[in-house]
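Let's take a walk through this structure together. Keep the sequence and the 3D view side by side as you read.

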Amino acid sequence: MTAELISQVRDQLDASPTPRHLVEFVGNQLSAAGFTDCTDTNSTEKFSSNGFIKRSGSIVAWRQGSKKIEKFRIIGAHTDSPCLKIKPHPDEARFGWQTLQVEVYGNPLLNSWLDRDLGIAGHAVLRDGSVKLFCSATPIARISQLAIHLDRELNERGLILDKQLHLNAAWATGKKSLDFLQWVSTQIDVEPEQIISVDAQLFDSVPAQLLGVDQSLLASGRLDNQASCWAAISALIETRNPIETCVVALFDHEEVGSTSAVGAAGPLLEHTLERIADLGGLSRVNYLQALSQSSCVSADNSHAVHHNYPERHDHAHAPIVNQGPALKLNSNQRYATSSTSAAMFVRACESADVKHQMFVSKNNMPCGTTIGPITATRLGIDTVDVGIPQLSMHSVREVCGVSDLVSMQKALRSYLTL
Ligand code: ZN
């Protein structure tokens, strides 16, 4: 069972170098499981009882419950990860190298992108309005670190990277034979003139793989937060006959603050809930009442205690790898967890026979945040922030515990049927 679930996670991670690729993968998975793609549906009749809507790098999926809607059970997660995006005019020749200029997206651990065999993935918008995804089949770019001989104090001083000067990627040598737009056009098999805009990024070409002599870890790019996306969608697909209506919302742009047309601070979830309520025959008053009774689990990875830096955690509230999902608490509301939403998630874990942990950051260390407080604020829904513990968050290559992935999926399944 665990092996099968982990191979599902790996397949998803390897197929999803960008949020759009993830949304495409998840949409296909939902279609295969009998959900209807309602992305372009305008008429209420065709808005299916089990369906999904895709909007760029975000997707919302739902399964109507067996009884009239009195509340929604919602799981939220984010599809994006910090990365290096290719600029619109990226080509530059330098001293025998053909390079691509990049823009930093979110807050990546910059050093982790050095000396990797990188691929390029993204999508192009064509003159006819269609969108084509692409992904290089092999690694084609590299950001090389300066040799120690040319920077002798590096190990004593630490690495300092200038975001404008030091992150551009080499992808060919010698004289210019191909520009970036031409390359994209060959990837999607159209003439370059047909492409109006391109959104592309670098990614680590190494696939997700099990790690540790006991194979208890999973290493991959984008575990934050595609691991939670997998657990949420897998839980929804496996919850076949829920009593309450279940909704999973996976949002782009969390790493840059969520304020976009398709981010968690936008209207996507709210509008979808309203359409589901309409389908279920609810009046506006009934809908608002249902919102007030609803709950949301905001799933986004947490920080496991690092073997070399244990002092960075408050030891009484420190998530240990492979000891279950962590509830994330912050009384200053950087996390949305309340006493009631915490109790709800603990009950879900208990009924799934899954261990859970508590995370509170140290008072002298700033705390992160996620989509939980945004959902709670926008919709007035009691929300709990939870996440599987991981190391190297925002590195191009992250690592988490295998049993934590399975535990999170079980806990979310249990939540949907509480
Ligand atoms: Zn995250």
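Cysteine 246 counts as buried because its relative accessibility is 0%; buried means under 20% relative accessible area, exposed means over 50%, and partly exposed lies in between, using a 1.4 Å probe and protein chains only. Cysteine 296 is buried too, at a relative accessible area of 2%.

A quick word on what you're looking at: this is a predicted model, where local features need pLDDT of at least 70, side-chain atom pairs count only at pLDDT 80 or more, and totals for chains, interfaces and linings use all residues. Residues are numbered from 1 along each chain as its sequence is written, and side-chain values use heavy atoms, with hydrogens and water left out.

Cysteine 246 is in no disulfide, as the nearest cysteine sulfur, in cysteine 296, sits 12 Å away. That 12 Å is too far for a bond.

Now for some strands, which are DSSP runs of E with at least two residues, numbered from the N terminus. Two of them pair if DSSP finds at least two bridges between them. Strand β11 (residues 209-211) runs antiparallel to strand β12 (residues 217-220), with 3 bridges joining them. Look for glutamine 209: its bridge partner in β12 is alanine 219. The hairpin of β11 and β12 has 5 residues between the strands, and glycine 212 takes a positive phi near 100 degrees there.

β12 also has 4 bridges to strand β20 (residues 398-401), again antiparallel. Here alanine 219 stands opposite valine 399 in β20.

Key: Disulfide = S-S within 2.5 Å.
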